[in-house]
Amino acid sequence: MGEEDAEPGYNTSKIKQKGGFKATSFIYALVALENMGLIANMVSLVLYFLHKLYFHLPDAVNTLTNLMGSTFLLSVVGGFISDTYINRFDTCLIFGTIEVLALAMMTYQAHTKSLLPTLPPCNKGSCMDGGMGVYFYASLSLLAFGAGGVKGALPALGADQFDRRDPKQAKGLASYFNWLLLSAVSGAAIGVTFIVYVATNKNNQNWWKGFLISTLGAFVGYVFLAIGKPFYRIEIPRGSPLVRIAEVIVVAVKNRRLSHVETPSELYEVNEKDSESIAANVAHTKQFRWLDKAAILPDNTEPARWKVCTVTQVEETKILIRMLPIIGSTIIMNTCMAQLQTFSVQQGYQMNPKLGSFKVPAPSIPVIPLLFMVVLIPVYDKIFVPFARKFTKNPSGITQLQRVGVGLVLSALSMSIAAVVEVKRRKQSLKNPFQPISLFWLSFQYGIFGIADMFTLVGLLEFFYKEAPAGMKSLSTSFTWISLSFGYFLSSALVDIINSATRGGGRGWLEAVQQNLDTTKLNLFYWFLAVLSVLNFFHYLFWAVWYKYKNDGGGGDDAAAAALPEPAEVVEEDVFKAAAATNGKE
């Protein structure tokens with residue numbers, strides 16, 4: 001970044017020419033095109049596993065949830081790399097290439113008979129063994145690695161295009177995450193209709209065409225991302241954030257025998273005025289006082305790394321610790337979402353799929369909540385947020401944690417409705433299997449959960465980005481995906497645990513005979529998740545009230561940030577050089 005044409009305040013004209021919604025438009029294009037295939041696969045792969053690869057139902061469900069769990073868990077890798085070694089733009093392109101390669105491998109396998117199991121089925125949980133099994137699991141692993149890495153870096157790359165010190169751009173940042181979700185659901189709506197229809201028609205014989213469209217869509221999306229490079233503000237990696245955290249913990253342990261200081265002003269900190277290289281300091285908080293000992297400079301000790309930490313460095317570590325309960329208390333909601341992509345799809349497969357003369361593929365039912373979201377997201381961003389902003393003075397309208405709480409309540413309601421619908425479906429199917437209820441009964445559970453996701457996903461992304469320390473924006477944003485990941489893994493575990501606990505010499509609740517859900521007690525599983533979701537909401541409520549927002553305590557830190565000068569690059573050694581210079585002056 002050049003220093004020419006510097007304007008008074010915090011920015012330069014060169015920087016102001018970049019970023020903003022012009023830059024994020026390329027990111028929105030990628031998100032729409034990539035999610036077109038990714039979401040289509042999320043909602044339909046269980047049918048591919050069942051009817052093309054001849055998995056048993058529990059194994060098909062667990063394979064999909066493990067795939068999605070791995071994808072979101074690996075976002076941590078992309079987030080860490082983009083914060084530490086490679087900038088976010090390059091990280092997205094590298095992992096995007098891996099994702100496109102994986103989709104191309106899946107396309108080739110679905111089109112090649114020698115890489116697919118043959119009839120009759122092998123009567124095992126999975127017929128994918130030998131060379132075809134190696135190829136199959138290699139392609140899924142690469143897909144998880146590539147897509148996960150992109151998710152770890154891309155949201156933060158887009159958020160970097162808005163300067164929170166500019167009041168107008170602070171509002172733009174609040175809108176950015178809403179429009180990011182709108183781009184995702186718009187692409188997903190095309191995916192779960194057009195791509196799913198192409199893949200599942202002709203008795204599940206066109207899966208390779210669906211994968212091919214997904215491959216081409218992702219490829220074009222990454223081309224758009226690359227074209228937008230001249231418009232991006234690209235942050236330089238600041239070094240490993242994990243080292244900074246480890247340093248605080250190690251020094252706090254070393255100083256454990258020291259007495260606590262009487263006032264926070266006695267803790268070690270470097271005044272921002274003493275060095276231009278020091279970013280804005282973070283105010284001291286009273287939580288986790290044992291970490292404060294890392295900021296106590298022992299007598300006769302010169303300031304140096306691994307001997308003393310600044311208050312800001314200690315507070316950054318506290319912020320991450322505070323985030324952990326928020327991650328943990330949103331996992332159950334994502335476990336519920338996994339059911340809508342697995343068991344609910346199989347429900348739809350046993351319901352009346354006709355809309356007039358048109359046969360609707362069961363995995364296309366999620367288009368209903370997606371269309372709801374396409375309408376509601378602009379309404380939320382353009383009407384609700386400005387209205388709420390007048391009262392709360394928060395650029396986002398309401399705090400991010402309030403938004404997440406609304407989503408958790410709606411997810412519990414969605415599971416309750418899912419249980420009621422399953423009772424109705426099963427009762428009619430047992431009464432007359434040739435006249436099942438309409439597939440569109442599933443739209444109630446999908447619709448409510450779609451609205452829940454609109455609140456929770458965006459709330460978490462914005463929360464983790466805004467609250468994160470300066471050098472951990474990508475890694476912190478990936479915490480959203482960690483919650484999703486653990487939700488999928490927990491779903492797999494719950495399926496096995498519930499089956500084992502309810503088997504009693506016969507079949508477990510979720511063990512179907514010949515993939516027939518009428519032989520299961522899926523409704524009881526949905527009720528179990530509904531009760532679990534209600535209990536989890538109160539668990540979340542406790543931690544949300546306990547959480548202390550950075551800076552102003554109300555989640556609206558953008559307004560305060562608007563008055564701050566532009567922070568220069570933080571280099572750890574510079575902190576101690578500045579401190580030494582200050583001590584010399586004294």
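**Figure 1. Edge-to-face pair of Phe 464 and Phe 479 in the predicted model.** Phe 464 has a relative accessibility of 1% and therefore counts as buried. Phe 479, at 11% relative accessibility, is likewise classed as buried. The ring centres of Phe 464 and Phe 479 are 5.7 Å apart and the ring planes stand at 90°, so the pair is edge-to-face. Because Phe 464 belongs to helix 15 and Phe 479 to helix 16, the pair ties together parts 15 residues apart in sequence.

**Figure 2. Aromatic pair of Phe 463 and Tyr 547.** The structure contains 34 aromatic pairs. In the pair shown here, the ring centres of Phe 463 and Tyr 547 lie 5.1 Å apart with the planes at 65°, and the arrangement is therefore edge-to-face. Phe 463 is part of helix 15 (residues 443–467), whereas Tyr 547 sits in the loop between helix 17 (522–546) and helix 18 (557–561); the two are 84 residues apart. Phe 463 is buried at 0% relative accessibility, and Tyr 547 is buried at 4%.

**Figure 3. Crossing of helix 11 and helix 16.** The axes of helix 11 (residues 331–340) and helix 16 (residues 473–503) come within 7 Å and cross at roughly 60°. This crossing is right-handed. Residues making the contact include Ile 331, Asn 334 and Met 337 of helix 11, together with Leu 484, Phe 486 and Tyr 488 of helix 16. By class, the contact residues comprise nine nonpolar, six polar and no charged.

**Figure 4. Aromatic cluster linked by ring pairs.** The members of the cluster are Tyr 48, Phe 49, Phe 55, Phe 136, Tyr 137, Trp 207 and Phe 211.

Notes: Residues are numbered from 1 along each chain as its sequence is written. This is a predicted model: local features need pLDDT of at least 70, side-chain atom pairs count only at pLDDT 80 or more; totals for chains, interfaces and linings use all residues. Side-chain values use heavy atoms; hydrogens and water are left out. Axes are lines fitted to C-alpha atoms, for helices over the stretch in contact, and angles run from 0 to 180 degrees between N-to-C directions. Helices (H or I, at least four residues) and strands (E, at least two) are DSSP runs, numbered from the N terminus. A crossing is left-handed if the near helix is turned anticlockwise from the far one by less than a right angle, and right-handed if clockwise. Contact means heavy atoms within 4.5 Å. Ala, Val, Leu, Ile, Met, Phe, Trp, Tyr, Cys and Pro count as nonpolar, Asp, Glu, Lys and Arg as charged, and the others, Gly among them, as polar. Rings of Phe, Tyr and Trp (its six-membered ring) pair if their centres lie within 6.5 Å; planes under 30 degrees apart count as stacked, over 60 as edge-to-face and the rest as tilted. Buried means under 20% relative accessible area, exposed over 50%, partly exposed in between (1.4 Å probe, protein chains only).
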